[in-house]
Amino acid sequence: MISITVTALVFGVIFLAELPDKTALAGLVLGTRYRASYVFAGVAAAFLLHVVLAVAAGSVLTLLPQQIVHALTGVLFLGGAAVLLLKKDDGEEEIRKPADQSFWKVAGTGFMLILVAEFGDLTQIMTANLAARYDDPVSVGLGAVLGLWAVAGLGIVGGKALMRRVPLRLITQIAALLMLGLGVWSLYEAVAG
């Protein structure tokens with residue numbers, strides 16, 4: 001059974017954390033060069049693979065005693081908040097242009113770009129933490145993949161317009177604040193439990 005609350009919470013946290021990430025900019029660049037549906041297919045498949053791996057890793061953590069899981073996820077969330085607040089803007093990365101614009105070439109480029117860029121990324125680590133925290137892999141996985149797909153869709157279709165209206169720094173600070181709150185709550189539960 002899917003928990004709407006857990007799915008919505010995970011969606012919000014992952015969406016906000018991924019929005020200022022370089023992969024949103026990469027999706028934007030690919031979306032301006034190629035057919036949006038082809039780009040999205042590749043990017044979505046890569047994000048789905050990352051979420052499955054993260055949820056599996058987080059589910060393994062649930063085998064540990066609850067106090068240890070709460071302490072570990074609390075520390076990792078606080079670390080994630082620090083990373084968001086302290087990271088510097090890398091600028092736009094160079095993206096190789098496929099020789100042709102066939103579905104497989106464009107989707108493959110999007111898939112490989114996200115697969116490599118997102119491996120071990122903050123949102124993948126956060127997804128694993130959330131899977132361990134809530135012990136609800138389906139709800140966490142659904143919220144994470146929908147959050148990542150939403151950011152990819154925004155980046156591919158309308159990233160430039162969004163970034164003109166909402167300051168990137170504000171989005172990053174909101175994501176960091178949410179992670180800070182989750183970290184403090186998890187540490188509280190570790191100590192109180």
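Thr 127 lies in helix 6, an element of a predicted model. With a relative accessibility of 1%, Thr 127 falls under the 20% limit and therefore counts as buried. Apart from residues up to four places away in sequence, Thr 127 touches Ile 14, Val 51, Ala 54, Val 55, Val 140 and Ala 144. Thr 127 also takes part in the contact of helix 6 with helix 3 and in the contact of helix 6 with helix 1.

The secondary structure of the chain consists of 8 helices and 0 strands, and the order of elements from the N terminus is α-α-α-α-α-α-α-α. The chain has 193 residues, of which 45% count as buried. Among contacts with a separation of 6 or more, 92% are accounted for by residues 24 or more positions apart.

Two packed helices are described by the angle between their axes and the distance between the axes. For helix 3 (residues 36–61) and helix 6 (residues 122–134), the axes come within 7 Å and cross at roughly 40 degrees. Helix 3 is therefore oblique to helix 6, and the crossing is right-handed. Helix 3 contributes His 50, Val 51, Leu 53, Ala 54, Val 55, Ala 57, Gly 58, Ser 59 and Leu 61 to the contact, while helix 6 contributes Gln 124, Thr 127, Ala 128, Ala 131 and Ala 132. By class, the residues of this contact comprise 9 nonpolar, 5 polar and no charged.

The packing of helix 1 (residues 4–18) with helix 6 has an angle of about 160 degrees and an axis separation of 10 Å. Because angles over 145 degrees count as roughly antiparallel, helix 1 and helix 6 are assigned to that class. Their crossing is right-handed. On the side of helix 1, the residues in contact are Val 6, Leu 9, Val 10, Val 13, Ile 14, Ala 17 and Glu 18; on the side of helix 6, they are Thr 123, Met 126, Thr 127, Leu 130 and Tyr 134. The contact of helix 1 with helix 6 divides into 9 nonpolar, 2 polar and 1 charged residues.

A further residue of helix 6 is Asn 129. The relative accessible area of Asn 129 is 2%, so this residue is buried. When its neighbours within four places in sequence are left aside, Asn 129 is in contact with Thr 73, Leu 76 and Phe 77.

The buried residues of helix 3 are Tyr 38, Val 39, Gly 42, Val 43, Ala 44, Ala 46, Phe 47, His 50, Val 51, Ala 54, Val 55 and Gly 58. Of these, Val 51, Ala 54 and Val 55 are among the residues touched by Thr 127.

Leu 48 is likewise located in helix 3. Its relative accessible area of 39% makes Leu 48 partly exposed. Residues up to four places away in sequence being excluded, Leu 48 touches Val 145 and Trp 149. The C-alpha atoms of Leu 48 and Leu 146 are separated by 9.2 Å, although these residues are 98 residues apart along the chain.

Methods. Residues numbered from 1 in each chain as written. Predicted model: local features only at pLDDT ≥ 70, side-chain atom pairs only at ≥ 80, totals over all residues. Heavy atoms only, no water. Axes fitted to C-alpha atoms, helices over the stretch in contact; angles between N-to-C directions. Helix = DSSP H or I, 4+ residues; strand = E, 2+ residues; numbered from the N terminus. Parallel < 35°, antiparallel > 145°, perpendicular 65-115°, else oblique. Left-handed = near helix turned anticlockwise from the far one by under 90°. Contact = heavy atoms within 4.5 Å. Nonpolar A, V, L, I, M, F, W, Y, C, P; charged D, E, K, R; others polar. Buried < 20%, exposed > 50% of the residue type's maximum accessible area, 1.4 Å probe, protein only.
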